[in-house]
Amino acid sequence: MTEVSSPPATPGFVKRWSMRLGIALAVLIVVGGVLLGWAEHHTSQPNFCGTCHIMEPYFASWKDDIHGAKLDVKCVDCHYAPGERTTVNAKLRGLSQVASYFSGRYGATRPRAHVSNDSCMTAKCHGDLRFMDKTIEIGSVRFVHARHLQLNKESLEAVQEELADLTKTLQAAVGQEQFTRLQDVANESGPHEARVDKLVSLVSVTGATMPRDELEKFSQLSHRQVRTAQLADIQCTNCHSYGEKKTDHKAPTPAHHFSVNTTSCYTCHFNNEGFNTGTNNCLMCHKQLPVGEIIVHKELTPSEGQKLQSPELQAKTVKMNHQAILERKVDCSSCHADVAMEASLVTRRDCERCHDVPRFFDQWKEPITLELVAHYHKVHVPQQRAKCLDCHSEIHHQLIREDKGQAEFLTSVMANCTHCHPQHHKQQLDLLRGVGSTSIPQSTPNLMFGSRTNCLGCHTDMATTEHAGDVARATQNGCIACHGDRHSDTFEKWKLGLELVQTDAVDAYLNARKALDQSKDIPEESRRKASELLAGAKADLDLIKRGNGLHNVTYAMEVLDSITLRAQQAMALLNQNGSSPNR
């Protein structure tokens, strides 16, 4: 049987179908291009952004903001860096947002938009840098960008020179080994007062004398270099962000799409600084003092003036102005100690909100050092686009204003006992640890240290005193609670024994002191040695009196015996030179 084969395709047939396919493909490309162009244009309009319900408050605030209402700056002009909008990465990011929206995942968390510094600094926006030297009033503060973003080279060099000079002074005073410890403490990131207290303690151990304000400056200058370096990484959005507090609580959206977030100012200026010192200096920002006088209190009635024995205030309203207070060098904390509340610490727990893998904490160590702070800041701010409150807790900077008769503004002062009582209970703590004496620098700690007994273990009974009011006192009840009745007499025995030995030490010291004061015609070297012996004895006597020898009976007895011995040695020096006052 003969097979019938189909005739081969003629060249004309292939040509016709090729033309048809080419035309169809061309039409598809043109239509696709038109649709893509239309989609690109349409999806780049702010109105398209506003169609998504989760974007409604952001869109509404943009419409009311100068960027939307007056300058017609589109969303994509800011939220895409220059040249980024047409990239594949940008398109994929947009598609991921669409997928998230239709899958129901979008809106479960707060939208995290970012504006690159490059978007702000384009030629048609702020690229002319006219804003740098412009003075901007934020409340009572006059802010200038250039002071933060265009740092004066001479000023930076002056800080480095001052730190170098102070370093040389400290090295000469305490030696290189102890200076290394000082430097480690100065470079710790933590509360200012605690850091300076550590520096003072380290210097005192060496016997050197260094003013506290110089040690404070040493620490501040070390921190200043890191703070200054951080300014190079700062993003516009660290200070300018969405979410300004509403001026009108009935308004559905904030007054501006984005505005200055003053919390950023407080984090940089206040964190790890003392009140009104360093970058926390009040006049650094408040150069313009309040104008006019403030009424302190109104004129007194005749009866009030008579009670206070101030008749001149009966017809006079007492006022004050800030300029006069400043000229008298009254510290701002006298009236404004409540203006900065809370610290801005970063704890490991804060980091664990984002990082739950152990390797992220390989470099973590406490206390956190300035080197680690600089590293974390470099990684998170310019690279991860982190904002201050992503890591730091918030600092509140405002006056506490209460109704008449309230005293809430005193709360912050009452919480800081060390202001009025610096190093309070230091002598008690020294005795407990078995340290502090000039003659016996180190001895046995309190016998109860082995069981970690603290102040609450012995100070169990409340008593009322004339000056201090209610205080917790130590009695034999604390001994009995732990040791039973067999130690019911121990407390009183220790107390009586200490009183007897202390009386002997005091008498010996006073007799030697009197002999020295009344001595005449003795060699200068003998007088110097006797004076040194009695000066050390007096310091140790103050340690026992102020610290109460019951905090460490063993150590207190040793110290009291050394006081008596030194007094006797001083008397021997005076007597051997024939200068006894009884001679």
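Me: Why is Ser531 called partly exposed?

Reply: Ser531 has a relative accessible area of 30%. Buried means under 20%, exposed over 50%, and partly exposed in between, with a 1.4 Å probe and protein chains only; Ser531 is therefore partly exposed. This is a predicted model, in which local features need pLDDT of at least 70 and side-chain atom pairs pLDDT 80 or more, while totals for chains, interfaces and linings use all residues. Residues are numbered from 1 along each chain as its sequence is written, and side-chain values use heavy atoms, without hydrogens and water.

Me: What makes H10 and H11 roughly antiparallel?

Reply: Helix H10 (residues 176-186) and helix H11 (residues 192-206) pack at about 175 degrees, with their axes 9 Å apart. Axes are lines fitted to C-alpha atoms over the stretch in contact, and angles run from 0 to 180 degrees between N-to-C directions. Angles over 145 degrees count as roughly antiparallel, so H10 is roughly antiparallel to H11.

Me: Which residues of H10 and H11 meet?

Reply: Among them are Leu182 and Val185 in H10, and Leu199 and Leu202 in H11; contact means heavy atoms within 4.5 Å.

Me: What makes a set of residues a nonpolar core?

Reply: Such a core consists of buried Ala, Val, Leu, Ile, Met, Phe, Trp, Tyr and Cys residues joined through side-chain atoms within 4.5 Å. The largest has 27 residues, and Ala530 and Leu534 are among those with the most contacts inside it. Helix H28 (553-576) is one of the helices supplying at least two residues of this core, and H28 gives the most, with 10 residues.

Note on methods:
Helices (H or I, at least four residues) and strands (E, at least two) are DSSP runs, numbered from the N terminus. Angles under 35 degrees count as roughly parallel, over 145 as roughly antiparallel, 65 to 115 as roughly perpendicular and the rest as oblique.
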